Amino acid sequence: MARRLLGADSATVFNIQEPEEETANQEYKVSSCEQRLISEIEYRLERSPVDESGDEVQYGDVSVENGMAPFFEMKLKHYKIFEGMPVTFTCRVAGNPKPKIYWFKDGKQISPKSDHYTIQRDLDGTCSLHTTASTLDDDGNYTIMAANPQGRISCTGRLMVQAVNQRGRSPRSPSGHPHVRRPRSRSRDSGDENEPIQERFFRPHFLQAPGDLTVQEGKLCRMDCKVSGLPTPDLSWQLDGKPIRPDSAHKMLVRENGVHSLIIEPVTSRDAGIYTCIATNRAGQNSFSLELVVAAKEAHKPPVFIEKLQNTGVADGYPVRLECRVLGVPPPQIFWKKENESLTHSTDRVSMHQDNHGYICLLIQGATKEDAGWYTVSAKNEAGIVSCTARLDVYTQWHQQSQSTKPKKVRPSASRYAALSDQGLDIKAAFQPEANPSHLTLNTALVESEDL
């Protein structure tokens, strides 16, 4: 029938008697690379906030002794199916109190109200996620997380969806009917006649992709991604829809672990725009996009002192501040030295301070003789370095009473104290000179202010 309808040269008839259920639930073992990705997804999910679960579970009062963290009695399995076939992920979870259940695809939570997926939970703890007709977009990692007040736990199942319109397989028809391969042009078939009929192909799927980036002009930009697929996909990069060709500033690398990188160094303003990475193989293609913003390069200015350190003297035991102000672009790093010894960190007695306006200070609480010496402050950035030096002197504090005028000599006798009376001090009696010549005797009736 197929030869009559399609022509003897272009029709190929397959008679495959495998049951449909067997293919739909075909298990496979994930690679070590995929297992590492699964472990990373589970680690992040168990430590991230989640939206409300669709389970109507209310945590009751459970004692600490009776509480039990969630655990899996049966974990999810890994499946590979063909596009359009149904698939069901099933596991069984237990815990006390009864845990809430959350489902995720590639780390993103699946809404309990999703039209594409059906989420169920039985009384015995069996949880399932079902889709009746899988698409190529369903390819990915499905994670179930169970949580109660005692803890969280998760497990992941990998779903690999194969395209049905590729060589080697075609869509399932009702049982008993032959499977007919779609006709293709001779130009496409000419080199494929000797290939195995059962060869399978998997559409590219990005396991890792970067988000939007902001990079300063002149710096290095690196975009890393990881892709799966069979045969191994070819990657190409575009900037605003135009292909990127490797050159001295744009390099495309592939590491041993399968990570593809686009490296741009140095980044210029012309590199800003929308980047698209396209992965292509015989099963189809996949892509992701991101925006690269190139920040303007700052005009570098070497440091310069607006205010320099000043020579300072301070009494022993008193606090002292060595201050200056320096500016530069970008803001410089500050280094202090005493003589030839670097001051690397602050202490309770000697501390270093600076603010966003370029003011710098070395504060010494209770200066001692050991603090005296030459102090140097240096400011350094990408454009240059500058230094200035000042001396700190610490002198001994003298506890002598300062006298502005020379006091008059007085007789060390008790007579001047006797001059103190209720009416006050008799000035003449208190300060009577030792020698009292008759020609210098003052008239008691008149006292001049100059003689006092």
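**Salt bridges, cores and confidence**

Reader: Hi! Which side chain meets Asp-393 in a salt bridge, and at what N to O distance?
Author: The side chain of Arg-391 does, at 2.9 Å from N to O. A salt bridge here is a side-chain nitrogen of Lys or Arg within 4 Å of a carboxyl oxygen of Asp or Glu.

Reader: Which residues are joined into one network by shared partners?
Author: Arg-222, Asp-224 and Arg-255 are, through salt bridges that share partners. Before we go on: this is a predicted model, where local features need pLDDT of at least 70 and side-chain atom pairs count only at pLDDT 80 or more, while totals for chains, interfaces and linings use all residues. Residues are numbered from 1 along each chain as its sequence is written, and side-chain values use heavy atoms, with hydrogens and water left out.

Reader: Good to know. How many salt bridges turn up in the whole structure?
Author: The search finds nine. One of them pairs Glu-73 with Arg-92, whose closest N and O atoms are 3.0 Å apart. That pair links distant parts of the chain, 19 residues apart, with Glu-73 in strand β2 (residues 68–74) and Arg-92 in strand β4 (residues 87–96). Strands are DSSP runs of E with at least two residues, helices are runs of H or I with at least four, and both are numbered from the N terminus.

Reader: And what does Arg-158 pair with?
Author: Arg-158 forms a salt bridge with Asp-139, again with a closest N and O distance of 3.0 Å. Arg-158 sits in strand β10 (residues 151–162), and Asp-139 in the loop between β8 (126–131) and β9 (140–148).

Reader: Are Arg-158 and Asp-139 buried or exposed?
Author: Both are buried. Buried means under 20% relative accessible area, exposed means over 50%, and partly exposed is in between (1.4 Å probe, protein chains only). Glu-73, by contrast, is partly exposed at 45%, and Arg-92 is partly exposed at 26%.

Reader: New topic: which residues have the most contacts inside the largest nonpolar core?
Author: Phe-89, Trp-103, Ile-144 and Leu-159, in a core of 22 residues. Such a core is a set of buried Ala, Val, Leu, Ile, Met, Phe, Trp, Tyr and Cys residues joined through side-chain atoms within 4.5 Å.

Reader: Which strand gives the most to this core?
Author: β4 does, with four residues. Another core lies apart from it, with 21 residues, among them Leu-322, Val-350, Leu-362 and Ala-390.

Reader: What about Val-329, where is it found?
Author: Val-329 is in strand β23 (residues 320–329). It is 29 residues from His-300 in sequence, yet their C-alpha atoms are 5.0 Å apart. Leaving aside neighbours within four places in sequence, Val-329 is in contact (heavy atoms within 4.5 Å) with Glu-298, Ala-299, His-300, Lys-301 and Asn-381.

Reader: Where is the pLDDT below 50?
Author: Residues 1–24 are one such stretch, with 37 contacts beyond near neighbours in sequence. Residues 166–193 are also below 50, and that stretch has 50 such contacts in the model.

Conventions
pLDDT is the predictor's confidence in each residue, from 0 to 100.
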